[in-house]
Amino acid sequence: MNKKILKKFITITSLVLAFVFITIDIKAEVTDAERSRLQDIERRIEQYAQNLKPNYQNPKRTYQLFLSKDDIFFVFGIFNCERTGQSMLTEFTIPNKGAVCASDWHGDLVGLTETAAAARKQEKAYIITGDLVDRGRESVECAIYALIQEILHPDRFFYLAGDHEFENTNRNYGLWAEINAKYGADADEIFNAFNHSFGYLSLAALANGKAFFVHAGFGQTTDLGKLKALSAPRSSWEHKEISLEDEERLNPQDRETLQALNEEYKRRKRLNLTTARYNSEEDAILAFLNGIINPEKMVLDIVWANFYDSRYGYFAVCTDRGFSEYAPFYKTATNFTALAVRSFFNKNGLTYMVRGHEHNCSNCGGRQKDVEGNKVVTTTSSKNIYLFEKGHNVLPKGDVVHIAEDLSVSFQDTEAYVAKAKLEEQRKQGQENCDALLQQMNELFKFKENYESEKRLAREQEETSNQLEALDHQIKAQIVAMQAVTFEYTALADKYGYLNNGKSDEFRQKARMAKECEKKFTDVEGSIQPLMQARNKLRSTPKRRFIKRAFLSRKIKQRKRKIEDKVNSVKDLVTPENKVQLCSEGMEDYDMVESNNDIQRMLAGLKN
């Protein structure tokens, strides 16, 4: 019995440890192998989009299976782990190069990949304010591509949730139909996995604490502090039960919101505008509490609210986007007016809000609505939103919003932005090519200059070496001649010096001068040896560095000048005329030679 208990304990412990290790591994950063696979999927999707481009606006184009189930679940697994516990309000700083905001791509894979790639090359941040799926033919590829971008570039790419990232919308507007057509038997599993991962998306973003990015807008219960406190996934905090007792735990700000909602309800009830919505005031208060405490009402307004161009009141019930006037408060989105914009911006220190959601900007006061200096910017990036619906309508154009580092805002046509980005990339590439060519030219000129210098030095060294060799031969010849003179004087002195002691000393003095001359030439010969060695070293290593060669060349020239000076100092002592003169003077002083024939025979013997 004890063994069975021990066995169960070991099994349970092993499972717990395995779960802990798996959890730790899940929380780890993306590995190199995972990053490589993600980049491979990214490249394949971009290439697939380019292949679709020639026939992209054909309304009769059918669904095409491209991504495998394994690729989809691989991306979902990494994205869900990366986003777990992250805030539903993403905060970031606009880069030096600025940012690009797009919205409502609705399966437009070509537009999404081209603008995202352009922003990435320009080192700009890229924000998608929701509605990436439905209506189009490549919603699957669009969503997977955006999730990969957010994994690979978490500080530059931000994908926010819109109303089409919720199951009650994308089941009816295209995503379910696309997945069912592409994956057949696996459609339910893949569709549920998509909506589960959509639950990890941020609901809004705040740039530099001033620019608010959201899909639709805000409502009475929208609180950025509460939104920041919410963490992914949405399933961790949705569907909380509310009772009237929760009113006692409200903070002062929420109490004011509840009181304002209750007074508005009473006013509308007096005017007989909301008689069918609540059976009693207690039901109304419970509905208001539900909307204030539960984040679902705030989420509903963030992804569904519209701008209501009215000078009266702060909010109005949204009735034109699928919600009923008589729906409960916490299940009804709200339209916000200019007064609400001013109040919301002042409360949160905002300068402008960038949103999507509305394709007909005339309903929201134009693409850019100024509210006492505060801007509400609305954009729709794809013009092919309704291409595959009845009528095959194509919008006049789509646009993206460019946000500079100083938070200034400008609109740009989507196609024009992509074309301009490509031109800038070509210009940049051309500039890099020109710089590379200039560098190559400079290197060639430098090589040519070094080559000419080395060639000139080599020529000078060759001439110096030849001069050294000639000088060496001359010096050796002079030394041999000087030795002959010395031998001659010495022999004469030894033979005839005893006959006239007075003149013998003078003759020996001249002989000593000849020996000193010989010693000088011997010193000259010794000084020539290191120069000859340096010359041989230069010849044996022709590829030595330019500076070394120049140094040795200068040294050889200096030594050459010294040798020439030494040679010139004794040059008058080694000429043939001087040699004969010295011999003749010695013979005349001593008067000891019988005839010139004897002198010639003696000299011939000395030479032999």
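**A walk through the cores**

Start inside: the largest nonpolar core has 87 residues, and Tyr126, Phe194, Phe212 and Leu227 touch the most other members. (A nonpolar core here is a set of buried Ala, Val, Leu, Ile, Met, Phe, Trp, Tyr and Cys residues joined through side-chain atoms within 4.5 Å; buried means under 20% relative accessible area, exposed over 50%, and partly exposed in between, with a 1.4 Å probe and protein chains only.) Helix α5, residues 139-152, gives the most to this core, with 10 residues. A second, separate core of 18 residues includes Ala125, Phe158, Phe213 and Val401.

Keep in mind that this is a predicted model: local features need pLDDT of at least 70, side-chain atom pairs count only at pLDDT 80 or more, and totals for chains, interfaces and linings use all residues. Residues are numbered from 1 along each chain as its sequence is written, and side-chain values use heavy atoms, with hydrogens and water left out.

Now look around tyrosine 126. Setting aside neighbours within four places in sequence, its contacts (heavy atoms within 4.5 Å) include Val100, Trp105, Leu112, Arg156 and Phe158.

Zooming out, the chain has 18 helices and 13 strands, taken as DSSP runs numbered from the N terminus (helices H or I, at least four residues; strands E, at least two). Of its 608 residues, 44% count as buried. Among contacts with a separation of 6 or more, 77% join residues 24 or more positions apart.

As for the cysteines, you'll find zero disulfides, a disulfide being a pair of cysteine sulfur atoms within 2.5 Å. Cysteine 101 is buried, at 0% relative accessible area, while cysteine 434 is partly exposed, at 43%.
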